[in-house]
Amino acid sequence: MKKYLFPFLLFVVLLQLPVFAQDYKAMGTKLMGEGKFGEAIDAFSKFITLNAQNPEGYNLRGQCFEKRNQLMEAVYDFRFAVRLQPSNKGYNDNLNRAQNKWYDELKNRIKGFQREIAINPNKPKNYLEIGICYRHLGEWIKAEEWYDKYLAMEEASPDEVIRYTEILAQNKHLEKGEIILKRYVDKYPNDHRLWSRYGYFSYWLGKNQQAKFAFETTLKLRPFFREAMEGLDLVIGKEFIYTFGDTTQYKESQKQQIEQEFAIDKYYRILKANPKDVNTRYLLIEELLKAERYEEALQQVQILGTYESGEPKYEAIYEKVKTAREAFYLKKIDEYKILNEKSPDDKKVIKELVRLYSNMNMYDEALAVLDAYFERHPEDDDCDLKFDYAQVSSNDQSYYTAIEYLDPCIEKNPGNLEAKMLRALIAVWLDEEGNLAMAEEYLNENIKAKPNSVIPLIGLASLKIKIKQFDEARNLIEEIKKIDPNVPEIQVLSSNLETGILRAKEEELFASLEVGREKFREGDCTGAIEVYDTFYGQHEGNRTINKEYADILGCAKEYDRAIEQYDKLLAEGYDPLIDLDRAKTFFYKEDYQTALTELNRLYAENNVDFSGALFRGDCYAQIGEYDMAEEIYDSLLEAETDSVKIQFIVQRQGWLPKTGIDAIFENFPLYSLVNPSASYFADNLDFSYVNYSIGVEFGVLDFLSVGATGFKGDLKSAYTTQLFNGSKFSVFLRPYGPVTVGGSYGTMSFISPAVDQPMYDAFIRIGDLDTSMYYVQGSYFKQDAATILYSPNLVAGFGANQRRFTTDLYKLEGFYKTNTKFRISANYTFLVIEDGNKGANLELRLGRYFLPELLAGYEYYTSVFARKSNLYFSPTDYSSHSVFADWTFFKDESFDFRTGGRFGIISQNNYWLREVYALFSYAPVKTLRLQLRGQLGNTVKDITGYSSRALNFTMFWTF
């Protein structure tokens, strides 16, 4: 009876399994509905264990993972559910949703780590994390690039190297992987995993003897390691040469063997003949998992990744195998933990347990084992264990802890080159400015001891790049190439070198912006723009610099460009402060209506600060809605306690038009005119004349105005400079109609030596220059000779007292337009110089309006003086014959653009006379007009080929 009891009970249990499984599913669903997703995951995991081929378990558990934002786990579960039931729309929708969220999260993590790199480019982990993210995204090329950057900064652990070689296998960079694995098996000769992986890369490259040696070395370190055993079988099978004479007999024997072989052997045989048979490799992995041959399964998954990585089916099997393999290492850790508990001071056990923990990236646990030993033996000065402690700390990026253990050991044993190497590399990674010289010394010691070792050369090249010794870094890279031209770090170092060179240039370029910022602070906005434009010619800038540029453009009154720049910034990311600056720029541009629209929008969005509110009031004032402006100012005044801000508000209230009795006083003066101007003249005789002035004029009565002008400037020759300033007062009368009479009196004061020169002028004018059919003006001027005769010889005074000349100038000019579109004009000037000389200039023109805007014709000019002077141009016989043209290119109420010139011959000198001018006038508002006139000329004076240039700017602002 007993022999039947066990089968019966087993049968009963098997009958109950589906019931138990459904209980777990119901429990998980209930917990999931209650929001207890962690407990629900445990229940669904038990359900999956009992029903591994039921896709609903994976789907439900995936939803729980997604709710907990464990997106990677969610994606793997959804992928497995889809693999089991590909046609299920719900499973596919869940997979697509979670995968998109996970990929977005990975991309955001990449951006976050890139920002961290921009802040501190010396932290290797950030580069590694980006590489891991790209690996999850299946972007293998980018993953490799970021792993390369990481490896250039930090010596990777064997586990990280194995992950890296998976990426290299995916990208088919087998030669690169082989070189890296060769270096790491040299460094970690007892790591059987590295040896096994080295064997497979050698095998894939066709280096069968090398692969055989690697697999045999693996099996010496770890007997019966299935991954290596299968690799060795692959190599031996590939190298074996059949020599059967009777091929028919051989095929028959093979047929018999195939009929008797197991599934695993069958799949291996098929894959030996066709390594790219993906479906067979999937079948082999499943069989290996059934047989619990996990290392072999992992090796097959890694081979499969070369073709299938990124596919849901592959990712699911990869995760399944990886989990089983990790369970194996955790089991080994448990075994060594027991050994460590039994023999806590056995250093061999400690070192192996630390190695196992490190391979699993369990750095805290590894350090805990070492800490426990050193707490028991504080007097132990074993630098071998301390070096392990430093290495684990370094792998965990606890560099300063590693330094605490390395420095005493190096001091105790200066010949420990391995410790010096790690210490030097940490100094390079941390960019320890004070210890880079020490790092260079340690690296050179390693290079001297091992001249054919590339690791210290790589470290030294990295150091040279950091300290911007780029030529030396380039030489070291060339040296590495001679030793081992295939070492993968060459590509990384070369990339870092070029990046370092570009970064140094970029730092220099960014430093140049300080010049522009200083110009901006000094008010030279145009000069600042030139600096920024040069910068943008070489760099795209960033948000901060682009904002600075927009502000500078506004300062320089290039409002359209400033608004365009603000628009770009807002398109990149909304910022209410930038939006407010944009609205203010419309105000500065005097587009008050647009400014008001923008400010009202910002006000409605509660994005207006005190200055924005003040600008709102100003906009209403500018468009004539004074009540609304007053209301805004009053509301600000009620809420404000800051005295400075209150002053701003009161000032603006004072600008608003007055009503009632106050309006009476608004009519005096009748008008006010502010007239700033600047003029510049220079020639090729090294003479220049610069004058800056500002004048004011007030309408006292309808026919009477008074004014005052202050000015300063300089006269220059090749040998001296005379600074001057002065002022004058003016009276203007309009007795009737088109007649205007005026005069002024003042003084021009030269600074060194101090000389005061009187200034007088008077005029009478009939007609209007632009609108009348005729125009006549007579003028008189008396002022310093140098400012009339434009001669470098008159800049300095004469004699012991450095006496200066004055000149009296009498001028009569006018024109007359005929009904037949002709225009006759004349300009006569008579000069009386204080040195006793006299002269006269006459210009006669006969022109015709070929178009209403175009006047052209003939000009005769002559200049005659009583005697020739060596101090200024005073010809006794000078004349020219020219053709001239004046063209009003465009003219309306706001704009006026004219250009013209003359071209002729000076017969006495047989020289062609050339002159061109341009005049631009702009009235942005009715009360303001800006005028700029420039002129270039080439004629004859004391020299043939006398050239001059003149520029004059004037502003008329009435209010």
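Is the crossing of α19 and α20 left-handed or right-handed? Bear in mind that this is a predicted model, then select α19 (residues 363-376) and α20 (residues 383-395). The crossing is left-handed. Their axes come within 10 Å and cross at roughly 155 degrees. That angle is over 145 degrees, so α19 counts as roughly antiparallel to α20.

Now show the side chains where these helices touch. On α19, pick Y363, A366, L367, L370, D371, Y373 and F374; on α20, the residues in contact are L385, K386, D388, Y389, V392, S393 and N395. Colour the α19–α20 contact by class and you get nine nonpolar, two polar and three charged residues.

Next, jump to the strands. Select β9 (residues 822-833) and β10 (residues 838-851): they run antiparallel and are joined by 11 bridges.

For a handy landmark, click R848 in β10: F822 is its bridge partner, and A856 in β11 stands opposite R848.

Last stop: colour by pLDDT. The protein's mean is 83, with 92% of residues at 70 or more. Residues 1-19 are below 50, and that stretch has one contact beyond near neighbours in sequence. Residues 238-260 also stay under 50; there the model has eight contacts beyond four places in sequence.

Terms used:
Residues are numbered from 1 along each chain as its sequence is written. This is a predicted model: local features need pLDDT of at least 70, side-chain atom pairs count only at pLDDT 80 or more; totals for chains, interfaces and linings use all residues. Side-chain values use heavy atoms; hydrogens and water are left out. Axes are lines fitted to C-alpha atoms, for helices over the stretch in contact, and angles run from 0 to 180 degrees between N-to-C directions. Helices (H or I, at least four residues) and strands (E, at least two) are DSSP runs, numbered from the N terminus. Angles under 35 degrees count as roughly parallel, over 145 as roughly antiparallel, 65 to 115 as roughly perpendicular and the rest as oblique. A crossing is left-handed if the near helix is turned anticlockwise from the far one by less than a right angle, and right-handed if clockwise. Contact means heavy atoms within 4.5 Å. Ala, Val, Leu, Ile, Met, Phe, Trp, Tyr, Cys and Pro count as nonpolar, Asp, Glu, Lys and Arg as charged, and the others, Gly among them, as polar. pLDDT is the predictor's confidence in each residue, from 0 to 100. Two strands pair if DSSP finds at least two bridges between them.
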